[in-house]
Amino acid sequence: MPAAGVVMIIAVVLIVATIVVYLLATIVALRKITAGLDDAIGAVGEIIAKSEPVAPVVADINANLDAGVDLLEGLLVKKAGLIEAVGLIDGLYPSAAAAGLRNFPESKTVKAPRIAEVYTRGTLTLARLGREAPIAAASPNGPALRNAAYGSSAARTLYPDGRELHAAALPRSPVIGTDSPVQYDPSEEVGGPRRQMPATSSPERS
Amino acid sequence: MTLEWIGDVILLVVLLPVVVYLLRGVLGAATSIVPSVGRIAAAAHAGSADLDAVPLLLTTQDEVVKTIQSAANYGGSLDVILDDAEGA
């Protein structure tokens, strides 16, 4: 066999061997990829199965929350009026009035009364819930007002016969000291029944 | 004879390097995919683990219903107790 033929055979064998080595390495890498993708697909299947009931549950939660928003917005506007409702919201949550009420689109154009500049949040809440202190109702541009006559008349209606401020006779505070009418002798009274009970009312002292 | 030597040279100098170059490219691409696939699998497992808390949504759903019912009851009482605003 001529030398050129031998060299050609060696070259071909070398090429084939190179192809085999690289292809084997590629096959190993592809097998790793396949195993990894199988693992990932299994986890993705779990994600799909676990997230399947999320949509209807979240939709139900949103529906209930929407109903709550509708209820509270409607009640607030019904009881406080649109302008004061916007002022109250802006007082509790500054700049929230700009977003307006969802079911009252006209609330976005309402200029919120400056309720929160004078009164605290708790006062605002009580004032809006109770209507005995219609603060900042008269003029949002001026100082906060309180209609004393209106505020007290509402409470007065609860006591048509006049509100009892206190009992007719209240027990007085005991008189203490060396010249007090009732003397306490620890040497005689400690551990035993009291000889003289304290006064329960004050008519004899008054 | 000369042509055979020329063929040998072409095989060794041209064909073999081209084959090696192409196969190394394929192997490099396949090898580079392996860690990416591993990260994808790890992320999928982490995402699946995060969704273990999904059943708690049912508790949230129940609590929301109860809260809205309480607010509705409270609002109904307030609606009876308080006067409506003027013009409302």
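Reader: Which way do α2(A) and α3(A) cross, left-handed or right-handed?
Author: This is a predicted model, and in it the crossing of α2(A) and α3(A) is right-handed.

Reader: OK, and what's the angle between them?
Author: About 120°, with the axes of the two helices 7 Å apart. Helix α2 of chain A covers residues 54-80, and helix α3 of chain A covers residues 82-92. Angles from 65 to 115 degrees count as roughly perpendicular and those over 145 as roughly antiparallel, so α2(A) and α3(A) are oblique to each other.

Reader: Which residues meet there?
Author: From α2(A) you've got A:L76, A:V77 and A:A80, and they meet A:L82, A:E84, A:A85 and A:L88 of α3(A). By class, that contact has 6 nonpolar residues, 1 charged and no polar ones.

Reader: Switching to chain B: how many helices and strands does it have?
Author: Chain B has 2 helices and 0 strands.

Reader: And how much of chain B is buried?
Author: Buried residues are 5% of the 88 residues in chain B.

Reader: How many residues of chain B are in contact with chain A?
Author: 48 residues of chain B, and they contact 45 residues of chain A.

Reader: Which helix of chain B gives the most to that side?
Author: α1(B) does, with 26 residues. Both α1 (2-50) and α2 (56-81) of chain B supply at least two residues each to the side touching chain A.

Reader: What's that side made of, by class?
Author: On the side of chain B that touches chain A, 31 residues are nonpolar, 10 are polar and 7 are charged.

Definitions and conventions. Residues numbered from 1 in each chain as written. Chains lettered and ligands numbered in written order. Predicted model: local features only at pLDDT ≥ 70, side-chain atom pairs only at ≥ 80, totals over all residues. Axes fitted to C-alpha atoms, helices over the stretch in contact; angles between N-to-C directions. Helix = DSSP H or I, 4+ residues; strand = E, 2+ residues; numbered from the N terminus. Parallel < 35°, antiparallel > 145°, perpendicular 65-115°, else oblique. Left-handed = near helix turned anticlockwise from the far one by under 90°. Contact = placed C-beta atoms within 7 Å. Nonpolar A, V, L, I, M, F, W, Y, C, P; charged D, E, K, R; others polar. Buried ≥ 20, exposed ≤ 12 C-beta atoms within 10 Å, placed from the backbone.
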